[in-house]
Amino acid sequence: MALVPRSEKWLFWGCFIALITTAFGFILRIFLMDGWAKEFNFSETQKGELMGVGLWPFAISIVLFSLVIDRIGYKTAMWFGFACHVTSLVMTVNAKSYEGLYWANFVVALGNGTVEAYINPVVATQFRNDKSRWLNILHAGWPGGMVVAGLLALSLPESMAWQTKMWLLALPAVAYALVLAAQEFPVNERVAAGGSYGDMLKEVGALGAFIIVWLIAVELSRSAAGSLSPILHGTIVAGVAAAVMFAITRSL
């Protein structure tokens, strides 16, 4: 007998808990930032970089999975997001340097973007006749998760090691994996309606591709610290991506 029954209700609440997990990851890093700075002796600028890398990689996974999610399936995306959350947690608690923390934050942001890439279409498909209401209820998981995670973090002793506090992230992560693993995910709305993949890409077009790829490429270049300036590197990569998109879609 399955631990969690298969039903549309459980599918929705699994997505809700997955969004709570993203909020946990975000707020716990804010609470632990001063402890990290003290232990690893990094600057205010590095604090800002750590906060940033906990956000911008979100764009990479939400864009990439949005492009392929109807082909690989929502459940595959769910397991990838869960793997990112668990991997980031292990990387964080075992970090021995600023660089270790940086890449741990990078991975959790990838997981958060993946969560957004599947929970939104799943809930929109589930409640296709009442999307606005249910998507609003779903996204209450973000502020709600921050409140719950913040209260849990505040309830722990100040003397407790930050590594121990970080394990709070495992609570919602394991919960959503258990719930969603038992569920049957719906077919993507576009696929069910017979809409073509090309028509979907036309909605983005060459200009959309340029903006998206430029923003991602600039930050990746900044992180890699290559010989080209991030702005120039981003512009070259985005220009190529826009040209390819226009060749495919003939749409700006």
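The model is predicted: local features need pLDDT of at least 70, side-chain atom pairs count only at pLDDT 80 or more, and totals for chains, interfaces and linings use all residues. Residues are numbered from 1 along each chain as its sequence is written, and side-chain values use heavy atoms, with hydrogens and water left out. Helices H11 and H12 pack at an angle of about 160°. Seven salt bridges are counted.

**Helices H11 and H12**

- H11 spans residues 197-224, and H12 spans residues 230-249. Helices (H or I, at least four residues) and strands (E, at least two) are DSSP runs, numbered from the N terminus.
- The axes of H11 and H12 lie 7 Å apart. Axes are lines fitted to C-alpha atoms, for helices over the stretch in contact, and angles run from 0 to 180 degrees between N-to-C directions.
- H11 and H12 are therefore roughly antiparallel. Angles over 145 degrees count as roughly antiparallel, under 35 as roughly parallel, 65 to 115 as roughly perpendicular and the rest as oblique.
- H11 crosses H12 in a right-handed way. A crossing is right-handed if the near helix is turned clockwise from the far one by less than a right angle, and left-handed if anticlockwise.
- The contact of H11 with H12 has 18 nonpolar, seven polar and two charged residues. Ala, Val, Leu, Ile, Met, Phe, Trp, Tyr, Cys and Pro count as nonpolar, Asp, Glu, Lys and Arg as charged, and the others, Gly among them, as polar.

**Salt bridges**

- Side chains of opposite charge can pair when their charged atoms come close.
- The count of salt bridges comes to seven. A salt bridge is a side-chain nitrogen of Lys or Arg within 4 Å of a carboxyl oxygen of Asp or Glu.
- Lys47 forms a salt bridge with Glu44, and their closest N and O atoms are 3.4 Å apart. Both residues lie in H2 (residues 44-53), three residues apart, about one turn of the helix.
- Lys47 is buried, at 15% relative accessible area. Buried means under 20% relative accessible area, exposed over 50%, partly exposed in between (1.4 Å probe, protein chains only).
- Arg133 forms a salt bridge with Asp130, with the closest N and O atoms 3.7 Å apart. Arg133 is partly exposed at 47%. Asp130 is partly exposed at 32%.
- Asp199 forms a salt bridge with Lys202, with the closest N and O atoms 4.0 Å apart. The two residues are three apart in H11, so about one helical turn separates them.
- Asp199 is partly exposed, with a relative accessible area of 43%. Lys202 is partly exposed too, with 42%.
- Shared partners also link salt bridges: Asp34, Glu44 and Lys47 form one network.

- Lys47, Leu50 and Val53 are buried in H2.
- Glu44 and Thr45 are exposed residues on the face of H2 turned away from its buried side.

**Positive phi outside glycine**

- Asn41 is not a glycine, yet its phi is positive, at about 55°. Asn41 lies in the loop between helix H1 (8-40) and H2. Asn41 is exposed, with a relative accessible area of 69%.
- Arg250 also is a residue other than glycine with a positive phi, near 55°. Arg250 sits in the segment after H12. Arg250 is exposed, with a relative accessible area of 62%.

**Distances along the chain and in space**

- Glu203 lies in H11. Glu203 counts as exposed, at 72% relative accessibility. Glu203 and Ala109 are 94 residues apart along the chain, and their C-alpha atoms are separated by 25 Å.
- Ala59 lies in helix H3 (residues 57-72). Ala59 is partly exposed, with a relative accessible area of 27%. Ala59 and Trp36 are 23 residues apart in sequence and 25 Å apart in space, C-alpha to C-alpha.
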